[in-house]
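This briefing summarises selected structural features, grouped by topic. Please consult the sequence and the structure shown below.

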Amino acid sequence: MAGNVEMGFWDKLMAIDRRWIYLTIGIVVFIPILLDMTLPVYVTAEVKAVYDRIDALPQGTVVMIPCEYDPATMAELRPMAHALFRHCFAKDLKIVSCALQIEGVTLVKDDLALIAAEYGKTYGVDYVYFGYKPFPAIVILNMGENFRKPFPRDYYGTELDSLPMMKGVVNYSSCALLVNINATSGADYWINYANGRYKAPLALGVTAVSATDYYTFLASGQIFGLMGGLKGAAEYEKLINHNAAATKAMNVQSIAHSVIVVFILIGNIAYFASRKRKKAI
Amino acid sequence: MKKSGFKFLVVLAVSIWLTPFASFAEVISADSAFQSFPPMPIIVTVSDMPNDPGGALIVEWSIPDADSLTLASMNVYQISRSSNPDSEFESITSLVAGSTRYEDSGLEDGKNYYYRIIAFDNDNRLAEGTGGPGVPSGQWFNTGRIPILIMVVLFATTAIGFIVSAKKGYKFYVRPIAGIRAVDDAIGRATEMGRPILYVPGLGTASEVATIAAFTILGRVARKVAEYNTRVIVPNYDPVVMAVCQEVVKGAYTAAGKPDMYDANDVYFVTQDQFPYTAAVNGVMLRQKPATNFYMGMFYAESLVLAETGFISGSIQIAGTDQLVQIPFFVSVCDFVLMGEELYAASAYLSQEPQQLGTLKAQDWGKVLVVVLIIVGMIFSTFGWESFAAWFDVG
Amino acid sequence: MTPQEWGLYEYIFNGVAALLTLCIFSFLYKDNPFYKFAERLVAGVATGYFTMLLFWTNFMDKVYDPLKAGQWWYIFPAVLGVMMWTRFSKKWAWVSRYSIAFYIGIGSGVSITVYLYTYLFKQLQATIGFPITMDIAGLNQFLVIIAVLSALVYFFFSTPHKGALGFVSKIGIYVIMICFGAGFGLTVMGRVALLVNRVIFLKGYLIQLFGG
Amino acid sequence: MRREIPLVIVFLFGLFMIVQFFIPHRSFAFLYQEFNNWTIIIGIFTMVIGVGSLITVHYSKIRFKKPGWGYSIVTIVSLCGMSLIGLIGGTENELFLNLYRYGLSPVTSTMFSLLAYFIASAAYRAFRARTVVATLLLISAVVVMLGRVPIGQIITAWLPEWLQLQNIADFLLQTPNVAAKRAIYIGVGLGVAAVSLKIILGIERTWLGGDGGK
């Protein structure tokens, strides 16, 4: 590109070393984490739908919140799970959960226990965790018949029938609704089997990137609500009035997004400026 | 006060009406001794679950005598089951307000089952009824899937029709696709530069069609590579995919008459974990500096990490995936992208065999059919004829 | 964040984690020995981890237990599996094609119906199931239909994109590009969140080492 | 033997899987599940080949002292170490889990988080209004990027509601985005059906090796 023609300022800017961009991103992510800044959060209808459905449930109703995230995706989905657990426990709802992704089994266990402790909830009475079984599609199908089919025992090896909460809790029909928090394409199985085959009311919490994919299912009514990434989590945190990780991370995101947009703008200005100059020559 | 008085009157009227059904009334009164008025009847119907493997029944109910207010106050339905209407019913589940249907499963085919539904408000049983028998059985044909069967048959016959006519020598036109034409150029470039080609078959398993399409493209790439005496590196995520890739590359070298040039260490297994795999492929890109990188098959979050690193190392990049979420990243960074269906079409394009091109023609006719159905469906839905759209609601 | 009670064990393990995090970040500057080390280390650890997991959970559950329980027909998949091992021999490697053929046969047979069902019928149904009404929702539905049709036309392979068809397919590629742009924009969110999480981890470790 | 039998196997099992989709009966459901299990089992056995390949590649690097052979020792040692711990202690033992937690997962999540940087540099380079198509990509990305964070709502709060960024972003996500995805999905459905059909009929046989395993 350089050749014997000397590069003008705009050309140089267009071909800027990517590491300057990395450095800028690094700075804008590190600094706001040290400073505590908050910006308002706007709640979308698809998140509100999840909140409203849960909020309207009477005390003691069982809801199912299967979680499928792993260390790589927990940044986005863990705050969402926390917010949901908080909402349910605050409303005295009962939670059944499982993790159909192997890397997340202990993560989800720890997360449930953490929030339950916050609300003084007891395992087996207020919440039950099934743990992991391979091949999500088959597990989801079997759970539609009976939770005991894939999970005769819970994560801790206790028989489901000996847990007080599991009395009369048979399958999806025993749960008022399902919210699947999923970092994988496994959410499709929940749509196809839990909702498609067993007609369980289903909402999804997915990563921001796959959220676009699931709007189709929202539009077609296969899911009643959708939370996408940290933004979804931050909205939920706002709805339950409990600002936590997502809201904090959202601040950083706001700034980082703006910086990326500024980069795009600079890139375009440079592009047009250099083109104009070339035409003039 | 007034409302509850009215409710009482309704219940009273119903119970008077019920008195002749002595045996039924007896069951109720025995169970509900603790309350002042007898519960309303629930009409329960039990039917076999259609189109299922067997062992499942559908229980549906309605409470014809209840007004909306009473219905609203029923917040729990308790469902119990028995194989004999006169014996003990075993409670199986309870459902929330507004339920009118329950699907019971795990039953024995050919046996009789009876169901009892009891509706409660907070303390009282407001209504109850028993229904049955239902006999679960499995079906040998899923009538709900007839539309798909028609589609499969239609598609297969069209495709086979075009394949046969192609065999007879009929020539089909196919529009050029930049990404596919670039494949040959890219290999030529690698030869000129004396650098290898990197072929990443994605994170899918060998049973996923996107990966199978990737094998075909690899076959073509490897054949050219063998002809030009270049090298192709194929790092793998799945061992079965690796086995097939080895077979494909080895076969290509053999077909090109250079079986000795094939090095099994060039088609190797990395690890079955997404990001450690990505880290390793990044390493290959930066250290071996391939002239061209191919990404074909199933890709997830690693797509951009791979493509950016490939860009940094200065390679020409051609990607093809049906993973919608990842296409934008490939589009932004790679030189050529095969989007969705184009990945599947690539194998036909690259082979240039008339039979293969025949199936492309069938795909296009499939799309024409979809276009027609959408337009007709739009018109029908707008004029309120919903049964047309419902026809596609297959299960 | 405030320091927690940590033993030597926690300090070492978290230290390793922090170090590895920095090794990977160093890749942003350029390829270097630290990155190489981390890359090669995890290739081994990950393979070891997943192999053991496959062995203890899947192999035991899917092969060993059923065979022990008298489900003799599990000998077939086991034989198919062992046939894959012929790949270690140059002479007998072709035997593995039988297992591969089974694998691919199952995969492609399932795909035909499942893809036509979930990708074609479900999408078709979602597109035509709504009336075009004289309000915002109706307009939106109409736009969706126009956009779906034009994007479909873009994927026509056997006709030249000229004339009216060319015009429609152009609209189609515009729609597709808007879709990709939206996908890209939405993804930025999640990715920044991931970075935030790593930074919070590093900050936590520093606080732990040097106090809050 | 080497070519015909695999093609027959593909045809028979492919056909069976198509047919079983329309037969809900227990016996077919059972076979369907069994066959799916079988593919998983083949995968489990094949892992041995995978590990074999990994060891061969790195061993040959070490043996012939190829560039970077020292790092190959790291791979072999970590592979053997991890396997040994898992083999002796099972997958639930604390050391095994901690090596995963502190050795593997920080690398996994950090690799993943590099995307934040890569997205920025990719956007800088790629999003230039060179053509109509590129401009549309660029505009829709920027609108969604800003519309989905609070800042986008703040900077356009003064506009009428339907012109505010979050609403434009929502429109883009729910209308053109949904429509394009549907079209692509429909195409993919047909494409997959076509490729599968070709495989089952034995027209497409690259997987058997170069020229169809001749």
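The buried residues of H6(A) are Pro136(A), Val139(A), Ile140(A), Leu141(A), Asn142(A), Met143(A), Gly144(A) and Glu145(A); a residue is buried if 20 or more other C-beta atoms, placed from the backbone, lie within 10 Å of its own. This is a predicted model, in which local features need pLDDT of at least 70 and side-chain atom pairs count only at pLDDT 80 or more, while totals for chains, interfaces and linings use all residues. Residues are numbered from 1 along each chain as its sequence is written, and chains are lettered from A and ligands numbered from 1 in the order in which they are written.

**Helix H6 of chain A**
- Helices (H or I, at least four residues) and strands (E, at least two) are DSSP runs, numbered from the N terminus.
- Because 8 of the 10 residues of H6(A) (residues 136–145) are buried, this helix is largely enclosed by the rest of the structure.
- Helix H7 (187–197) of chain A is included in what covers these buried residues, contact meaning C-beta atoms, placed from the backbone, within 7 Å.

**Strand S7 of chain B**
- Of the 8 residues of S7(B) (113–120), 7 are buried.
- S7(B) pairs (at least two DSSP bridges) with S4(B) (residues 76–82) in the antiparallel sense over 7 bridges.
- S7(B) also runs antiparallel to S8(B) (residues 125–134), joined by 7 bridges.
- Ile118(B) stands opposite Gln78(B) and has Glu128(B) as its bridge partner in S8(B).

**Chains C and D**
- In chain C, 95 residues are in contact with 98 residues of chain D.
- H4(C) gives the largest share of the side of chain C that touches chain D, 24 residues.

Terms used: Buried ≥ 20, exposed ≤ 12 C-beta atoms within 10 Å, placed from the backbone. Contact = placed C-beta atoms within 7 Å.
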